[in-house]
Amino acid sequence: MYDELASKSNVEYIAGGATQNSIRVAQWMLQIPGASSYIGCIGKDKFGEEMKKNAQAAGINAHYHEDENAPTGTCAVCVVGGERSLIANLSAANCYKSEHLKKPENWALVEKAKYIYIAGFFLTVSPDSIQLVAEHAAATNKVFMMNLSAPFICEVFRDAQEKALPYVDYIFGNETEARTFAKVRGWETENVEEIALKISQLPKASGTHKKITVITQGCDPVVVADDGKVKTFPVILLPKEKLVDTNGAGDAFVGGFLSQLVQEKNIDECVRAACYAANVVIQRSGCTYPEKPDFN
């Protein structure tokens, strides 16, 4: 399938990966080179080199683990009428080992960071890396954030997710993931506001930060559960003809949110920036953006 796609005339190659997309968008919104760092796994090949160049151009300080055997992960994206379908070949992305994280030059990035974000997909790769970082964040009062990422993560990787959850200060997700999360736990409700509230009331490993849930619902309002209360925020509506591709919309939403959170802005501002970033990305192909943000 990949060979067939690569042989087409209008192929675009765009750096991806859920966590990396979010960090690229946060970095773009901040416009401060080197404000963010990223750790992940690539192969020693052409796509790996592209990934390194792309991260550098985006102003990200990337420390990749380069796997000797597996090629860099790829994801084929088919877009029909603005809606996306993805077929991932995780490959090297599936090979990350905590040994790489423990190297002094990489762990230094964790120590330096004040805010840490990991997509839920990484639960399938290296839960021990997540645990190391989560425990560090709790011990040093840092803000630790994760994403539900996909219904299958909530179902198949529930145990790993359950282990990480007490450390999570901000949990992101969309309405489908939230409903699956609730169903798996037998909560018997499809109401997204109710589910967001219940997630925010799950136990915490450290009492420094409260748990805040942020759930997107496509073109319906964003739901935020915080401190026993639920708030909703309308999204920026986009006429159908302007929608190019929903790929990376959720990642961009998180990126926009993070860009304000690290500047200690309030939740309303974080959500406003999140909606802005997602709105920009869905009008373009893949998780890409213009040279400068137009957010004030």
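**View 1. The annotated domain across residues 3-290.** UniProt, in an unreviewed entry, places the feature "domain: Carbohydrate kinase PfkB" at residues 3-290. UniProt positions follow the numbering used here, feature names are shortened, and annotations may be inferred rather than shown by experiment. The end C-alpha atoms of this span lie 29 Å apart, and the span is 40% helix and 21% strand. Helices (H or I, at least four residues) and strands (E, at least two) are DSSP runs, numbered from the N terminus. Please keep in mind that this is a predicted model: local features need pLDDT of at least 70, side-chain atom pairs count only at pLDDT 80 or more, and totals for chains, interfaces and linings use all residues. Residues are numbered from 1 along each chain as its sequence is written, and side-chain values use heavy atoms, with hydrogens and water left out.

View 2. Aspartate 251 lies in helix α11, residues 249-261. Its relative accessible area is 17%, so aspartate 251 is buried (buried means under 20% relative accessible area, exposed over 50%, and partly exposed in between, with a 1.4 Å probe and protein chains only). Apart from neighbours within four places in sequence, aspartate 251 is in contact with Ala18, Asn21 and Ser22, where contact means heavy atoms within 4.5 Å. With asparagine 21, there is a side chain to side chain polar contact at 2.9 Å. Such a polar contact is a pair of N or O atoms within 3.5 Å; within protein, one must be able to donate a hydrogen and the other to accept it, and residues adjacent in sequence count only if both atoms are side-chain atoms.

**View 3. Two residues of the loop between β10 and α11.** Threonine 246 is found in the loop between β10 (229-233) and α11, and isoleucine 236 has its place in this loop too. Threonine 246 is buried, at a relative accessible area of 19%, whereas isoleucine 236 counts as partly exposed at 42% relative accessibility. Not counting residues up to four places away in sequence, threonine 246 touches Gly82, Glu83, Arg84 and Ile282. Leaving aside neighbours within four places in sequence, isoleucine 236 is in contact with Cys275, Tyr276 and Asn279.

**View 4. Glutamine 27 in helix α2.** Glutamine 27 sits in helix α2, which covers residues 18-30. With 3% relative accessibility, glutamine 27 counts as buried. Beyond its neighbours within four places in sequence, glutamine 27 is in contact with Ile32, Pro33, Gly34, Ala35, Ser36, Ala58, Gly59 and Ile60.

**View 5. Glutamate 50 in helix α3.** Helix α3 (residues 46-57) holds glutamate 50, which is partly exposed with a relative accessible area of 41%. The C-alpha atoms of glutamate 50 and leucine 30 are separated by 23 Å, with the two residues 20 apart along the chain.

**View 6. The packing of α9 and α10.** Helix α9 (residues 175-184) packs with helix α10 (residues 192-200) at an angle of about 65°, their axes being 10 Å apart. Axes are lines fitted to C-alpha atoms, for helices over the stretch in contact, and angles run from 0 to 180 degrees between N-to-C directions. Glu175, Ala178, Arg179, Phe181 and Ala182 of α9 make the contact with Val192, Ile195 and Ile199 of α10. These residues divide into 6 nonpolar, no polar and 2 charged, where Ala, Val, Leu, Ile, Met, Phe, Trp, Tyr, Cys and Pro count as nonpolar, Asp, Glu, Lys and Arg as charged, and the others, Gly among them, as polar.
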